[in-house]
Structure formats: C-alpha cells, structure tokens
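The points may be read in order, beside the structure.

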Amino acid sequence: MFHRFWQSLLNKVFLFFILCFVTKSHAQSEVPGLFESLDVLIQVDQKNQRKQTEIPLFDRRILQGQIFLEEKQLNSILFNLPRNLTTLGQDNPCSLIHLMNINQLGVDHILFFDRNENQLKRVGSDKIVHHYLNGICSTQRALDKKLNVRNQSAMAQIRNTLIPIPKHIDQCYQLHKALGENPESTYFCGYVHQVERFQQIAQESGQVSQNINQIRSTNLRAQKIIDFMGKNNFKDYQIFCRNTDQPRKFCDQIMNARFFERMAKNSLTLPFVKSQCSNLQTKSHSTGYSTEKAMNCIQAMNSKPELCLFHNPSYSSYFPKEICPSLEENLNLSRLPILSYDCPGKVENDLAIQASRILSFFEPDKYNYQWGSKDLSCTQALTVPYIDFASKIDQEQGWGTQACYKNPKKGSRRCQPIVFHNHSSKNSFRSFIEKTLKDFQTKGNVECQLIAKELFDPKRLEYQSGCYILIEPSCNANQCPFEIKFNNRSLDPLVDVQFEPKGWYSGLSEKTSNFSFEQSLIRQLKLSSQSIKNAKQAKKFLEENPNGIIHGIACAEELYPQNYRRQGFSQCRPLPILITGRDRKVTNQNENIFVVQSVIDSNSSPRLMDWSYIHNAVHLYHQIHPQKKWSLNGISR
Amino acid sequence: MGLVVKIILILNLNTLLFAQSLIPFTAKVPTAALVYFTKDAEISYYKKRSHTFDMVAKNKTTQLLKLDEEFHLWPHASYLEKRIVFEVDPTYYSHLNIKKDNDLYLSQIGSNEIELIGRGIQPKLHLADTWISFYSPSRKRIFFYHAPSKELKFNIEVNNPINPYFIPQVEMINPQTIVYTDVNQKSQTAALVFNPISESFEPLYQTTQADSFLSLCNAQSQLVIADFSQKQGNLSALHIALNLKDSPPYQTKQIYQNDSAHIGSITCKETDNLIYFIKSFSSNPSSLLPSDLVRFNLSEMKYEKISHNSNINQVYLMGGEVFASQKSKILILNEEGSQ
C-alpha cells in the first residue's frame, strides 16, 4: 500500500524539486554538477557557476512548488544515484530524501530554478530533508527514528527480523519485489553503502598513510552499523542492495551462497548437514552436533565437492547424487520443502513416497516431521501423510501393510494399516502393539520399543520386563521380520502382518480413476490440474503457479539410463516423478532444464534433467498405458 | 489375433542425411502391444488388453499367459534367439515399487510352453542361451538358472550396503568364470570375478572416480568394462579384461578415454567387435544435450559418431539388434547403412 501511495504521489512530489538538481558537496563547488551528460542541465549548471554566490538560501515558497520537474532532470538525479539504489529511489521519492539524509547521494546542496524570481537557488540538503520529513515524507521520519544506529532499543528487533529464507526461486523473486517495496530497505541499503565506503576508506588509508587511528575509527563506524543490523541481516542486505534492479542475480547469490549455511544454522535442519557429513564425524561427534561442527561440515562440503555424492547409509536412497555445489543449486531451485531428510530406499511403496511428498508440499503444517534416521524414523515423512490420506478416502489397501491381532478370548480380529517405525503415531506398528497390550495389562499404558534383534539380551535385567519389538536389519517401513517380547513372553502368534498393496496412482478405467490417488488428491485438496505436454507448458506452469508442482510417471530407463538398462522397447519400470523447478541460471535461460525429484532420490538430492529426457520417459509410459494416459500434470491451488 | 507381422522400417530423409545408420523403427501393430519379434519376423509376442500374453507363429495365435489384473512385461533374448525370458510385473499399475521382484518366465522361442523360473529383475541369457542370470533386489542376490537342467544352480550375495536401487551387471565367461559388479561400503563400484566351484571372489577392476558407473559387455569373447561418468569434465574410459581364462590376479587394459559426459551403459554384440554407447557433445555443464550414439571398434581401436545432434539417451540390444531411444521415437541400427 505504501508503495502505491508513493507512486501515485510521484509527480506531485516532483513539483517540489522545482527544476532542482544536485551538486557535489565537495569544497571545490565550482566544479560543474553531476549532470554533464544532459544538455538542459549543462546550461543550468553554467548559470550556476556564474551566479553561485548570489543564490539566496532556502525559500519555503519554492518548495511549495509551482513548477514541475522535467523528466530529463529526474533522470539526471537517478542517473547519478549509485546504480544499485536507483530502483529504490525511483519507486519511492521519499527514499531520495532519506538517502540524502544519510548522505548517500554524495550531495549537500540542491540547486533549483525559481521561476518567480527567474533565478537559480541553492538550498542545503539538510534543510530539504527537514522540510520533507516534516511534510510529505512524515512516514520516513518515523523510520528515521526507528532505524537510527543510535536507537539501541530498536537494535534487538532489527537484528532478529531476518530476511525470510525463500523456499524456491519463485519465492525468491517475490522476496526481491517485497524488499524493493519496503521503505526500510532504503535505510538498510544506505547503511550497507556506508559500511562499504568505510571499508574502502580504511583499506585506502592502510595503503597510503597507514594511519592506524583513522583506520580504527573508520572500522569502528562500520562495525557499529553491522552490529546494529546484525551480521546475517547485513550480509543479506548487502546482496539485495547490490542487486536491487537485478532479481535474478539477487536470487542466484542469496540462495546459492547461503543454502547449506542456513541449513547448518537452523536447529531443525541441522541433521541434514549431519547426514551429509556423517563420514567426517568421529564417534564422539555423533551424540552432540553443534552449529560450530555443522559449520565445519559446510566448510568440508565447500572444499570437497564430492562429499555430497554419497550419503549416510541410514538415509537410504539412490546414488551417486550430485557434487555439493550442484546439489546446493538444485535444492535452491526446487520448491519441495526439506523439513526432514527422508530415505525412500526403506519404503516398498513408490505411490506412498510420491503421494506423501505431494501432500507435504500442499499441507506443510500438517506433515511437519522431525529429523532422524534411527529405527526407520526417516520413513515417517514418506509414509504417514499417504496413510492418513488413504484412510480418509477409504483406500487403505493402497499402503498395503496391515497388522492384525486376534483376541484369543473373544475370538475377534482387529486389523489396521501400520508402518514399521519407532514413533508413537497412530499408524506405527509400535502403537498397534501398545494398543493390543491393553488386552493383557490392566493398569496403565505400556510403552514398547523397537530395537535391533541383535541388541536384545533376555538375560539382562532391563529386558526382563516391558515391551520390546525386535527387528531385523533388513527391515523397511512395509516389511519387517519381528518378534514381540512382553515381560519376556512372546506375543508373536497373536499378531500377523501382511503386505499386499493395491493402490492406483491414476486410473486404468473410469471406475478406478475415481478412487485413484491423483483424482482423490485433486478432489480432497481442491487443486486445479493441467496437462503438461511440452517444455513451454512446463515453464509457463511453473512461472504462473509459484505454489504449484508438476507430477507424473515416467520410465526409469530413460531418466537413469546408467542403472536401468533397457532390454526391449516395451520395457518401462514406472517411476513417479515431480518437477519442482526450473534451472533459471542466466547461462541456461535458453535451455529446457528442469529440477526433477524422483521417488528413488532422497528429498535432499533433486537432479537437473533436460526436458528431452523427461518427455521421452513420460511418453514411453504413456504409450504402454492401457488408456494411453498422459501422466504429466501441473497441480496447484 | 492371427496377424502376420511385417516389420516396416521407414527411412526418414532427415535420418539419412544426418545419421547414416539409425532409422526409425515402426511396426504394423502398435509397439506398445508388440513385445518381441524374431529377426525373420516369423514369430512375435503380444500383450493384449484382456490381461493375456500371446505368441503368434505361422499365423497361429497361442495364449502363453493370462493374469488376473492389468500387467506389463518385457523380453530379453540374445542374438541366437534360442530362448527368451520375460520379466512380468503382475501388479504393474496397482503396486508401484521399482525395487520389487518381478516374475521371470522362460520359453524356447516358438514354443507354446512357458515356465516360471524365479522372481527378480534384469534377466540375462549367457553361454549360447543355456544359462540365465537374474537379480533379486529383495534378497540382494544374483541367481544363476541352468536351462537344460531347469535348476537354479548357485547364487551370489551382493554386498552393496548403501544403494537399494543398484542393479549389478553380470557376464558369464564360462560356467566357472562369472564377472559381476558390486558396491562397497565406501561407495566404490568394482567388477569382480566369481568362481562358483571354489566360491572365490577376485577383483578385476575398481572405479577411480566417485561418481563413475561400471557396465559390462561381451564382444567376441572379449569382456569390456565401461567406467563412465555422466559429468562433463570427468574421465570416462573403456577397458578390456586381459586374462580372465587364466588364474588371478586379473588385469585390464584401457582402450579409450574421454572427458565428455557418457550416458548409460555400453552395448555390444557377441558376434562382432563393436561397442555402442552414448556420449554427450554438450558445451554446457548443466545439460547433456546434444547426445549421440557412438561406436567403438575394438579391432581398429577408434570410435565414430553414428548419429548427429540426436539427443539419444538409451541404446540397447533386443535379439541381437541395436535399438536406441530418441525424442519419444524408437530407432534401429541399420547395419548395411553403417558399413
């Protein structure tokens, strides 16, 4: 709103700049102004040189304005602003006043032509600033107070209000736009500019005079500003302020430079970094994992790009992945949130993996899982969203793993879909057994634990009582040989688990279409869907739907030709894929390269693929589909 | 169905101009239904909408399989065309899981009989179609089926502790010398030689780069190992095994090296000394395109480009013929044109 308001006032405001222009504040003020390139201003400037001594000081009447500012003159002001601040100044005239206030225009006088008196006049920029801040730019005055480096009470708030982390490139463009429209950005950019100038002065002083006091004082002034803004904020604004008019460059820099660093500093995402660097960790590191150690890991990733090719075996997925810089770039381009590090290799149901990722994308707050690889926890994000959804649409057989308990006294049988992991969520095998034990235990609830069979020793006191579910190393989320020990008694005969999945991604007939995952998803989440048949459509969809993704089924042989070797033209191992972004690097603008997240890659290792390969892979699946269904669709809210 | 299958090869003018020997493959019936046809086009195999799988020979249709629900299958046959193996996924649409074991059926080409020989993926015929190897991801084992005796003779446990999607490549030099690929704890891929009688394993070749992928093939009794990287700037190389029929230690010799991205596996015919693979000719590190089919001649030790700016991303053998996937089309190598 603020932005629009000021835009509408742009012309009015410029009335105040009555034929004004800016001169350098240097002592040698006879030096011509900054606008030599413009004919009109050259003429005015020549007059200025002649009449400078005669120019009266600030006259309020003139600032009330009767004469409009010529476009050329406005252009001149903008032309002489530092390039990165041009956009800010252009969008918000009060920004110019602020920039003048913090001495960023490099001027201390404004010259303007007073038509009433038919002469040029000179006004000190401090008076101009004072006038505007008390008038039309009063909002700016409040900001001036708030964002003043001396305002210690505002410091904590400013330091803690960080630029939000864009999840993907399109959000980054939105962020760039929002920063450009935010009047506070002008202040921060002014500070960034000041710090850079101080740093330059300190450097030059060091080279020329080695004046330690001057260097120290300049550095202190710079540091004071950095402290006020906060180091992270300062770095982020530094990137923004250098690229106020170049959103693509801003996004390339802010996302590429910071992804792993942000991951390491965020306690939620710290285990992601841990998983990448697990092979660097000593045993003593494995229990505690501080930000400091994470930063060491980031350094290792930066110096050893191949570190990211492989993963901790606990986070089972396809490899090799990408080298660290590529991985970081792909993650920045991908829209899929990485709230937890997942392990598709431990799930025997690719529909569940794909569905869970799509559901988490559209309803991130609902499916916010903790990190962890222990005891199959990394499968949670790939299973529970789908199991919840399947049960909601009455398609529980889509998950396929079902546990049943036969009550020996009543003869009744209770069955439910379960997933093998150690969490206490309602569909975990552990919860199922805990519920089952209520038949045996009269007092209180029993808590069970999933533990590796090799660790269980019935002779040890701690295992003599309580509930233990012993699992084999070969366990995955769907299938797991197990033994149940309750107070050292076996409950195995009373519980059986079957794995018979029957779930359709998209329908084979009208009948199956209705209860297929795809149709149910669109119905339940009220999504719109459109077919994506070529690269142009894919690009357009991603551009027009910043919160949408493209999903479908492709042949693995075409996307991973190294691993999936074709043996006949009818061969196609169906592989659900998501297209979660597009390579928007300047150098690849004319290429059709997309970010692909397939069900065999972990969510932290999306890949860049040429459209030609994606299309080929989807087309071959389409050809063998009984209804010749084209599977690639863009879905959005 | 009773159709006499005529395979029609249509020469496309563009293809002739730019790619001397790769031509579009078309058949009178949709390729989606056609599963396999013999080189003389006398026998063909089809999947039908009625959940059945048929063979058509001498204008007579025989039903080979009928399943309860919509399934999908694909074939594997060697250039000899004595036997054929079908990998059948009976829950192709109702259980998506790329790691699952499929049903493997074996038949003599032209025979009305078909037998289930095991559950696994990626079957391969060896030694004049008398042996079939296949891999079971669920058991992490490579099984070896002896067709004349109808027995699973032995199996190899694959180590691979880290990549659940890894599919080992297998070549049988003779019944006592089997070469296969495996991955170790440090993510290094290696080609190993296994002797089923002594149950011994010997190393043959190990990748030198972290993101390399090994593939094997047998060209005129020479075992070729491709150590390919899909990254521009990394080295890709071809090696031949020197003394597989002797005692270990086994040795290899590098015969080709290049730093462009190499895509997929190598393919070679047992009957000649030509190795086919796909190489990227891209100047952009983010893109693999254009990518073209390349042929390496083992006798002359040199390679030549077969296609030009074709964006090919798969090359494979079917019944001894070289096929390629390109921009949603199936291409076949026209041998005459290539000579």
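**Notes on the predicted model**

1. In chain B, strand β20 (residues 236-241) is joined to β19 by 4 bridges, and these two strands run antiparallel. Strands are DSSP runs of E of at least two residues and helices are runs of H or I of at least four residues, both numbered from the N terminus; two strands count as paired if DSSP finds at least two bridges between them. Within this pair, Val224(B) has Ile240(B) of β20(B) as its bridge partner.

2. Residues are numbered from 1 along each chain as its sequence is written, and chains are lettered from A and ligands numbered from 1 in the order in which they are written.

3. Strand β19(B), residues 222-228, also pairs with β18(B), residues 213-219. The sense is antiparallel, over 7 bridges, and Ser215(B) is the residue whose bridge partner in β19(B) is Ala226(B). The hairpin of β18(B) and β19(B) has 2 residues between the strands, and Gln220(B) takes a positive phi near 45° there. Is strand β19(B) mostly covered or mostly open? It is mostly covered, since 6 of its 7 residues are buried, where buried denotes 20 or more other C-beta atoms within 10 Å of the residue's own, exposed 12 or fewer, and partly exposed a count in between, with C-beta atoms placed from the backbone.

4. Most residues other than glycine have a negative phi, and most peptide bonds are trans. Gln122(B), which is not a glycine, has a positive phi of about 50°; this residue lies in strand β10(B), residues 115-126. Gln122(B) counts as buried because it has 24 C-beta neighbours inside 10 Å. Asn309(B), likewise not a glycine, has a positive phi of about 50° and is placed in the loop between β25(B) (302-305) and β26(B). With 13 other C-beta atoms within 10 Å, Asn309(B) is partly exposed.

5. One joins Phe319(A) and Pro320(A), with omega about 0°, and Pro320(A) is found in the loop between α19(A) (291-303) and α20(A) (324-333). Another runs from Pro248(B) to Pro249(B), with omega near 5°; Pro249(B) lies in the loop between β20(B) and β21(B) (252-258).

6. In chain A, an open sheet of 4 strands has the order β6-β7-β8-β9, with mixed pairing. Strands β6(A) (448-452) and β9(A) (489-490) stand at the edges; each has a single partner strand, so one side of each is left without a neighbour in the sheet. Strand β8(A), residues 482-486, is joined to β9(A) by 2 bridges in the antiparallel sense, and Phe486(A) stands opposite Arg489(A) of β9(A). Helix α23(A), residues 429-437, packs on this sheet and touches β6(A), β7(A) (467-471) and β8(A). The direction of α23(A) makes about 140° with that of β7(A), such angles running from 0 to 180 degrees between N-to-C directions, with axes being lines fitted to C-alpha atoms, for helices over the stretch in contact.

7. How do α21(A) and α22(A) (residues 380-392) cross, and within what distance do their axes come? The axes come within 7 Å and cross at roughly 85°. That makes α21(A) roughly perpendicular to α22(A), a term covering 65 to 115 degrees, whereas angles under 35 count as roughly parallel, over 145 as roughly antiparallel and the rest as oblique. Residues in contact, meaning that their C-beta atoms, placed from the backbone, lie within 7 Å, include Leu359(A) of α21(A) and Phe389(A) of α22(A). The contact comprises 9 nonpolar, 3 polar and no charged residues; Ala, Val, Leu, Ile, Met, Phe, Trp, Tyr, Cys and Pro count as nonpolar, Asp, Glu, Lys and Arg as charged, and the others, Gly among them, as polar.

8. Finally, the contact between the chains takes 50 residues from chain B and 51 residues from chain A. On the side of chain B that touches chain A, the elements giving two or more residues include β22(B) (262-268) and β27(B) (321-326). That side divides into 24 nonpolar, 20 polar and 6 charged residues.

Methods
This is a predicted model: local features need pLDDT of at least 70, side-chain atom pairs count only at pLDDT 80 or more; totals for chains, interfaces and linings use all residues. Two residues are in contact if their C-beta atoms, placed from the backbone, lie within 7 Å.
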